[in-house]
Amino acid sequence: MIHKKYMQRCLELAKNGLGTTYPNPMVGSVIVFENKIIGEGWHQKAGEPHAEVNAINSVKDKAALSKSTIYVSLEPCSHFGKTPPCSDLIIQHKIPNVVVGTVDPNEKVAGKGIEKLRQSGATVTVGMLEKKCLELNRRFFTFHNKKRPFIILKWAESADGFLSPVSKKEQKPVWITNPYSRQLVHKWRTEEQAILVGTNTVLVDNPQLNSREWQGNNPIRIVLDRAGKISNDYEVKNGKQQTIFISEKENFVAVENCNFETIIFDNQLAEKMSSLLFQKGIQSVIIEGGLQTLQTFIDADLWDEARIFKGSLLFKQGTKAPTLFGETVKRTTILNDELLMLKRYD
Ligand code: AOF
Ligand code: ZN
C-alpha cells in the first residue's frame, strides 16, 4: 500500500539540508515496514552519504528491509560520484518496493537508477508528490534542465515604490526595512549558493554580503565591476568569503579568496552571466541590486523568484523600483514592512 504521507515525510526530512547540500539536491528518505516507519534519513552535505544510505543505516532490524518499502524524494542514484550508487545499496539489501518522488535530471543518473532497480526485480513507483519534489529542488532542476542557475531578485522599496529618495548619481545608503526583515535576508543568504550585486551597490553601500545575522553558510559573492572601480578597501575584497569579480578589465591585483573573470558587458550581459555561473557550477543566486543589475536580468526575462520588501516610509521622489510581471505567491508583513514573494509569470 502506498501512502502519500510517507513521501511528504521524505520532503520534510529533505528540507533539513536547505543551503548545505550544494551542488547536490536536498533529498529525504523513509523506510516503511508493516505500516510503520523503521528508518529515516536525509542528505546533509555533498560528499557525505545520500538520503537512502542514512535511512538504511538508521534501521535497527536489517532483516526487515527485505519486506519493506523505501520512499525517496529523488530517484536513487546509479553512478559512482563522491559516494557509491544508492540503487546498488537498495538491491544489496533486497528492498522489494521503491517509491520515488521524481526522476533525477543529472545526466549521470537520469532514469538509470530506476532502470537498475527494476532490472533487479524491485517494484518501482515513480512520480509520487512529484510537483512538490520538483518545487523543493527548484534550484537543482533549473540548473540541470535549463543549464543556468535559479535566479532570485531581492530589493526593498519605499511605500510609494522608490528604491532610494535620491537620483542614481547622488546615492548614499538608506535603510528602508526594519532589523527583522534584514535578519530574514541573512537567512535567505544561507540558503542560496551565491549572491550577486552590481558596482554601484558596492560603491554606495560597501556591503559585506555575508550571513552574519543567521547561522549557516555564507554565499559565494559575485560582483559586477565592469571598469575595475572597486578598490581593495571595500568589504567585498576582505578575503573572508569566496568572491568572483566580473569585469571587462584584466589587470586585477591578486586578493585572497577572489577570482576574476573577464567578459564584455553588452546587451547580452544577463545571458552571459547566467552561462558563466552555470559553468562555475553555481545552482542558485540571489541578486540584491542595484537597480541597473536587477533591471538587466528583468529585461532579459532571466529570473525565477522575486522577494520585495515594502517599507512604511514615503519618499515621494527618487529612484523608482523596477516593475515585474510575476505572480504573487505570498504576501506577508514583518512588523511594519510588507513582504511580497513573486514567481516569474510563464
Ligand atoms: C540520491 N540520494 O540523497 C542525493 C542524490 O557526488 P555524489 O556521489 O554525492 O552524487 C551527487 C549526485 O547524486 C547529485 O548530483 C544527484 O544527481 C544525486 N543526488 N541521489 O540517490 C541523495 N543527494
Ligand atoms: Zn545516491
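A: Let's start with contact: two residues are in contact if their C-beta atoms, placed from the backbone, lie within 7 Å. This is a predicted model, where local features need pLDDT of at least 70, side-chain atom pairs count only at pLDDT 80 or more, and totals for chains, interfaces and linings use all residues. Residues are numbered from 1 along each chain as its sequence is written, while chains are lettered from A and ligands numbered from 1 in the order in which they are written.

Q: With that rule, which residues is H50 in contact with, leaving aside its neighbours within four places in sequence?
A: V27, H43, C77, T83 and C86 are the contacts of H50.

Q: What makes H50 a "binding site" residue?
A: The label comes from UniProt, where an unreviewed entry puts H50, C77 and C86 under "binding site".

Q: Why is H50 called buried?
A: Buried takes 20 or more other C-beta atoms within 10 Å of the residue's own, exposed takes 12 or fewer, and partly exposed is in between, with C-beta atoms placed from the backbone. H50 has 27 such atoms, so H50 counts as buried.

Q: Where does H50 lie?
A: In the loop between β2 (36-42) and α2 (51-57). Those names are DSSP runs numbered from the N terminus: helices are H or I with at least four residues, and strands are E with at least two.

Q: And C77: buried or exposed, and why?
A: C77 has 25 other C-beta atoms within 10 Å, so C77 is buried. C77 lies in the loop between β3 (69-72) and α3 (86-92), and residues touching C77, not counting those up to four places away, include H50, C86 and D104.

Q: What about D104, buried or exposed, and why?
A: D104 is buried, because 25 other C-beta atoms lie within 10 Å. Contacts of D104 beyond four places in sequence include L74, E75 and C77. D104 and S73 are 31 residues apart along the chain, with their C-alpha atoms separated by 9.7 Å.

Q: How many residues surround ligand 1?
A: There are 18, and the closest are V27, H43, H50, G81 and N106. A residue gets in if its C-beta atom, placed from the backbone, lies within 6 Å of the molecule.

Q: How does the shell around ligand 1 divide?
A: Into nine nonpolar, six polar and three charged residues. Ala, Val, Leu, Ile, Met, Phe, Trp, Tyr, Cys and Pro count as nonpolar; Asp, Glu, Lys and Arg as charged; the others, Gly among them, as polar.

Q: Which other residues does UniProt list under "binding site"?
A: One listing (unreviewed entry) has R189, L209, R212 and E288. Another, also from an unreviewed entry, covers A156, W175, T201 and D205.

Q: Is W175 buried or exposed, and why?
A: W175 has 11 other C-beta atoms within 10 Å, so W175 is exposed. The residue is found in the loop between β7 (162-164) and α7. A156, by contrast, has 23 such neighbours and therefore counts as buried; A156 lies in strand β6 (residues 150-157).

Q: Why is R189 called buried?
A: R189 has 24 other C-beta atoms within 10 Å, so R189 makes the buried class. R189 is found in helix α7 (residues 179-191).

Q: What are the domains?
A: Domain 1 is 1-140 and domain 2 is 148-343, with bounds from an automatic or database domain assignment. Their C-alpha centres lie 35 Å apart. The contact takes eight residues from domain 1 and nine from domain 2.

Q: How do you know that the radius of gyration agrees with a compact globule?
A: That radius is taken over C-alpha atoms, and the globule rule is 2.2 Å times the number of residues to the power 0.38. With 346 residues, the rule gives near 20 Å; the protein has 23 Å, so the two agree.

Terms used: UniProt positions renumbered as here; feature names shortened; annotations may be inferred.
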